[in-house]
Amino acid sequence: MSKQLPKFFKIVFWTPLILLSIVILIAMMFTQISPQFGKDPSSEQKERFEKLPHYQDGKFQNLVPTTMDMDFWKAIRMLPKFFQNSPNSRPDFEIPVLKVDSRDLVKNQEPARLVWFGHSAFLLQIDGKNILLDPMFGDVPAPHPLLGKKRYSSELPIEIEKLPTIDLVLFSHDHYDHLDYGSVQKLKEKTKRFLTPLGVGSHLLHWGVDKEKITELDWWEETAVDGLFLAFAPARHFSGRGMNNRFSTLWGSWIIQGEQENIYFSGDSGYGPHFKNIGEKYGPFDFAMLECGQYNENWKQIHMMPEETAQAGIDLGAKTIMPIHWGAFSLAMHSWTDPVERILVKADLLNIPVFIPKIGEFFEIKQDMVTKEQWWIIP
């Protein structure tokens, strides 16, 4: 009996370690084999990045000191809370999604108009051009369906295959809920140009996008496309798609100026002085799409609280703001309606108009953008 005990203890000790090693090995193989993870910038690119003031020790840096206040083990402890279905974590009814007729998209619209796909994805039609903003059209914002939660709605306003030719795709950063491998595969042949932050083009090249179609921009860089002015501006966030490539590519926000409209798209960002700087340089804005969702006290420096989103609209000099980064996925522990409920209260105090369209609803800039109904409330 005494000889059997050491053998038993050996089994008890080694079995978890062996299982853990197998899991780690599978995870490492998955990151190397799956195309979802993309590809890091080349060594030549990194050498060029080293000359930038916001790139140090092989990583891009935020303009102000920024931490997520959550280490690896704390993140592991929070995982059960994330995957359990807390009250009101997602809609318990079918949220309204208006269908878009492909024939309506070929009309040359004036003034500019947009269609929201939920979260941070938009189709913008401006000055006769079709522009997609962070087109994440997949079901799950993760490298594998088992690693994330599904989209709230069962369908999109329109499928990618029915979209017209896309003149520009703008990406704010390379996280899965903004840069989606499957969506890029369907878009790459029907898109004329892709504009990305520094380093993000490496993912697109790895996924088969023609090099000639890709333009990477640094913070405060400007470009023009057929008379349309675009600028890439700072945000307070981070990047990375793999296990060890955090901060390897840049992140940011976009300014889009047409003949009549001036539009701001925030991407993901914590609150900071960059909003006021952007407003002073490029504002005032007719319309600002501002991140408002998937926040938590543990990462409040990289994702704004709703009250900060409203203040960012004031800093930018925006005439009307729209909360984005909500309405499609649950990536935090707050209720799915918390973002819109809180921003409406703060915006009312600050006297800044908030527009909240339905997913799939056409809406025009420069029109009276008034929320027609509180569709997020159970009918």
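How many helices and strands does the chain have? It has 8 helices and 15 strands, where helices (H or I, at least four residues) and strands (E, at least two) are DSSP runs, numbered from the N terminus. Before we go on, note that this is a predicted model, in which local features need pLDDT of at least 70, side-chain atom pairs count only at pLDDT 80 or more, and totals for chains, interfaces and linings use all residues. Residues are numbered from 1 along each chain as its sequence is written, and side-chain values use heavy atoms, with hydrogens and water left out.

Let us begin with the whole chain. Of its 379 residues, 55% count as buried; buried means under 20% relative accessible area, exposed over 50%, and partly exposed in between (1.4 Å probe, protein chains only). The accessible surface comes to about 18100 Å², and 55% of that surface belongs to carbon and sulfur atoms; these areas come from the Shrake-Rupley method with a 1.4 Å probe, and for residues only the protein chains shown count as cover. Among contacts with a separation of 6 or more, 71% join residues 24 or more positions apart, a contact being heavy atoms within 4.5 Å.

A224 has F229 of β10 as its bridge partner, and E222 has A231 of β10. The two strands form a hairpin with 2 residues between them, and D226 in the turn has a positive phi of about 50°.

Which of the residues in α6 are buried? They are H274, F275, I278, G279 and Y282. Seen down the helix axis, these buried residues fall within an arc of 140°, so they line one face of α6; the arc is that of the directions from the helix axis to the C-beta atoms. As a reminder, an α-helix has 3.6 residues a turn, so residues three or four places apart point the same way. The buried residues of α6 pack against β9 (221-225), β10, β11 (253-257), β12 (262-265), β13 (287-291) and α7 (306-316).

Helix α7 comes next. Its buried residues include P306, T309, A310 and L316, and the buried residues of α7 pack against β12, α6, β13, β14 and α8 (338-350). G317, which follows α7, has a positive phi near 75°.

The largest nonpolar core has 69 residues, and those with the most contacts inside it are F122, Y264 and M289. Such a core is a set of buried Ala, Val, Leu, Ile, Met, Phe, Trp, Tyr and Cys residues joined through side-chain atoms within 4.5 Å. Strand β10 (residues 228-233) supplies the largest share of this core, 5 residues. A second, separate core of 24 residues includes F117, L123, L179 and V209. Leaving aside residues up to four places away in sequence, M289 touches residues including L114, F122, Y264, M322 and I324.

The other sheet to visit is an open one of 7 strands, ordered β8-β7-β6-β5-β4-β3-β15, with mixed pairing. Its edge strands are β8 (214-217) and β15 (362-364), each pairing on one side only, and neighbouring strands are turned by 20° against each other on average, direction ignored. Within it, β5 (residues 129-133) and β6 (residues 166-170) pair in the parallel sense over 3 bridges, and I131 stands opposite L168 in β6.

The loop between β5 and β6 holds F137. F137 is buried, with a relative accessible area of 8%. Not counting residues up to four places away in sequence, F137 touches F117, A121, L132, R151, L156, I160, L163, D180 and S183. F137 and E155 are 18 residues apart in sequence and 9.6 Å apart in space, C-alpha to C-alpha.

Methods: Pairing = 2+ DSSP bridges. Axes fitted to C-alpha atoms, helices over the stretch in contact; angles between N-to-C directions.
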